[in-house]
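This report examines selected local features of the structure shown below.

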Amino acid sequence: MWVSVSENFDVKMILMEMLKCCGGSSGDGDFGSKDIVMKKIQEKLGEKNYLLILDDVWNEERLIWTDLRGCLLGISKNKGSRVLVTTRLGNVASLMALTDEHIHRPRLLIVDECWTIIKQRAFGDNSVPEGLEGVGKQTANRCKGVPLVASIIGAILQNKRDIREWWAITENRVWDSMEEEGIFDIIKFSYDRLPTLALQQCFAFCSIFPKDFVMEREMLIQLWMAQGFLESPEESYMAAEDIGDKYFTYLLSYSLFQEEWRDNVTGRVESCKMHHLIHDFAQSISKSETLIVEWLGSNISHDFRHLNLIGGREMVPTVLGDVAKNLQTLFSKHGFSSGVQFFKRLRVLSLDDASDVKQLPTCFGNSKSLRYLDISRTQIKKLPKFITKLYNLQTFRFTGCRTIQIPLKGIGDLVNLRHIYFDDEKRMPANLGRLTNLQTLPLFFVGTTEGRKIEELGNLRELKGSLVIHKLELVTGKSEAKGAKLKKKAVEHLEFCWSKGRGNQDEDVLEGLQPPSNIRRLSITGYGGRNLASWMSLLNNLVDLTILSCEMLHKIPDINGFVSLQRLCVSHCNELTSLGDGDGAFTSLKKLSIIECAALERFSVSKLSSLEELVIQNCRVISSIGDSLSSSTCLKQLHLEECPELEFISSLEGLICLETLYVENCDGLECLLTGLSSCIALKELKIQNCSNLVVNNEELKHLKSFVQVKVRDCLKLRSSPEEILGSPLSSLIEEIRAWPFLRRAGRKLFGWDKIED
């Protein structure tokens, strides 16, 4: 459990955050006391131990810490539970640690380590230009061992190859103090070099989020757009979202954002955080306009433009009464009455996860400037009619609203709406085709009535990103499917879903759903056709393909267009008899998963030179893998499970990168693979329920990199651990069950505790 504490060491707040980490939420009930929260945590944890991380603690009052410690002991007295505290203050460490031995003081980096960071940020994997290494190491020396400083300086030096520019930074007066205030100067040094005022505004706006908040790329860009930060005259030829995307990349490259999650298909960073010191700096430059309110004692001015109400609901009316008139941004975790009437300047309203909000107050009906509205995970049951009059609304989010009723008419009048988010068929508005500026539409459920047919997608020419289309069995044929005009859209991720298959009719529909040629990710679920569409061969940029529960699909050939395909998952396709036709076009494939394909007899793909992971599971009639692995020299993981007819696996000769080999319930397999001795990187070997397997000891004796060995229920295995591996296994994890013919080795078996003498 991870709780970001910062300056406000509030025991109940910490307990509430712990409950969220355990899978609970503030919507679980009305928590009047700490005891109730503790009881909820106990229910979630059961008998489990826990690790609690209290991040960035500033509290120096012993009584408050004693209060929290008593609560933690009340939750669980298990000796296995632990609390880890991070702090910038030595006094806090001494207060919270039982003894000085429990305090860890990270050392500063040495010059070479700082230089490594600078070099990576400035040049990536490229070599350092001649003449820059000397001045670079002097710059690294001035970082005083602080990795954040090295990262920021390296970012500033990106794409700079002139040695004079490097010397100018190395000799800058910003280095004169390297205490915490001096680090602020370094951050400001980077901030001042942001190329536009709008980019600086985007950075400063991020101070509205609490520390350690994960900022999603799309959400952040939409918030910037709502504030008008992306209306650049110099970049008027670009869409606001594209400008925001560029700004997000800038802030990442300047080390003002830290990468949190990267999409493994597009390679794009989709979420980020701010380092605590950078967050402190952002707050310092926006303190006259932006405020996070955690308790009633906060100093609140009428001049604040951006407000985030995190604390208890009792403060909400007081705070809003003071600042509502000038407010442009309001984030709140709690509801409030309609008593406040002045929200005419409001551009952003986020009530995300405000679980006590049951209706949207009428005071927002006057918010004609509102551009961003998020009511996700609230208890709102009915949208007020004024929603359909918010003509400037650009982003509307209402995911997790299980009981909300969407107006039958009116949403289509929000002509400036560009992004809409919902997650349930009953919440999908009708007449989406009228929203001609719409760029984000994660889901579409096909219906048979006007305003819900697939042709609604045809008018959405600006659609981008991801789109999942459900209930495709309601599309009558190829002509109607073509009405979606998917081929002309800029979507990168498409999912086609049928609730039930209809054979040849599905083939016609799939043919009409031709996606754009630049699509990166495609998923087909519940399709009832025997063959895939002809346009599959045109998808030259496809990186990820999933085929799931396509019961009648007969064959997946080596489609020549799959030159970029890196991930292929085929699952629950019970009529599939062959994968690949032997020509081998999957040269870029890195991960291949074949799961529960009951009729699959042949796996004939001969050129898998980039393959890193192969999973074959519950394919009960497959008998061999042929020569598919002969060129897979990059293979790291091989997982074979529930393949009782599998008798032959081609030689593993040359698989020098193989780290994990897992074979389970493969009774037809008699020999543990030839060529295994060349798998010098093998760390994990797991063999379970292979009743006819005989191990070739000579193949294994040369392997010295094992970390984990598990062998269970292998009836014909007669060798001892030392005979198999040629050395004691005291450093390994081993398990043996049901080796009825195991010969006693006549010498000690190190680490095999489960064997009785």
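## Burial of an aromatic pair

In this predicted model, Trp-498 has a relative accessible area of 5% and is therefore buried, the cut-off being under 20%. Tyr-527 has a relative accessibility of 1%, so this residue counts as buried by the criterion of under 20% as well.

Trp-498 and Tyr-527 form a tilted aromatic pair, with 5.3 Å centre to centre and 55° between the planes. The pair links distant parts of the chain, its members being 29 residues apart. Trp-498 belongs to the loop between strand S16 (490–497) and helix H16 (504–512), while Tyr-527 lies in the loop between strand S17 (521–525) and strand S18 (544–548).

## Further aromatic contacts

A pair of aromatic rings is described by the distance of the centres and the angle of the planes.

One aromatic cluster is formed by Phe-184, Tyr-191, Phe-203 and Phe-281. Charged side chains also meet rings: the charged end of Arg-193 sits over the ring of Phe-189, 3.5 Å from the ring centre. Lys-686 lies over the face of Tyr-662, with 5.9 Å to the ring centre.

Tyr-662 is one of the residues of strand S26 (residues 660–664). Five of the five residues in S26 are buried. In a regular strand the side chains alternate between the two faces of the sheet. For S26, Thr-660, Tyr-662 and Glu-664 are on one side, with Leu-661 and Val-663 on the other, and both faces are covered.

S26 runs parallel to strand S25 (residues 637–641), to which five bridges join it. Glu-641 stands opposite Glu-664 of S26. Strand S27 (residues 684–688) likewise pairs with S26 in the parallel sense, over five bridges. Within S27, Glu-684 is the bridge partner of Thr-660.

Where is Lys-211 found? This residue is in the loop between helix H10 (197–205) and strand S4 (215–216). Its relative accessible area is 10%, so Lys-211 is classed as buried, for which the value must be under 20%.

Leaving aside residues up to four places away in sequence, Lys-211 touches Ser-4, Ser-6, Glu-7, Asp-56, Arg-88, His-276, His-279 and Asp-280.

## Helix H12

Helix H12 (residues 240–253) has 14 residues, which should span 20 Å at 1.5 Å a residue; the end C-alpha atoms are 20 Å apart, so the two values agree. Buried residues of H12 include Ile-243, Gly-244, Tyr-247, Phe-248, Leu-251 and Leu-252. Just after H12, Ser-255 adopts a positive phi of about 65°.

## Confidence of the model

The average pLDDT of the chain is 84, and 86% of the residues score at least 70. Over residues 728–733 pLDDT stays under 50, and the model has 16 contacts beyond four places in sequence for this segment. Residues 739–757 also stay under 50, with 39 such contacts in the model.

Conventions: Residues are numbered from 1 along each chain as its sequence is written. This is a predicted model: local features need pLDDT of at least 70, side-chain atom pairs count only at pLDDT 80 or more; totals for chains, interfaces and linings use all residues. Side-chain values use heavy atoms; hydrogens and water are left out. Rings of Phe, Tyr and Trp (its six-membered ring) pair if their centres lie within 6.5 Å; planes under 30 degrees apart count as stacked, over 60 as edge-to-face and the rest as tilted. Helices (H or I, at least four residues) and strands (E, at least two) are DSSP runs, numbered from the N terminus. Buried means under 20% relative accessible area, exposed over 50%, partly exposed in between (1.4 Å probe, protein chains only). A charge sits over a ring if NZ of Lys or CZ of Arg is within 6 Å of the ring centre and within 35 degrees of the ring normal. pLDDT is the predictor's confidence in each residue, from 0 to 100. Contact means heavy atoms within 4.5 Å. Two strands pair if DSSP finds at least two bridges between them. The expected span of a helix is 1.5 Å times one less than its number of residues.
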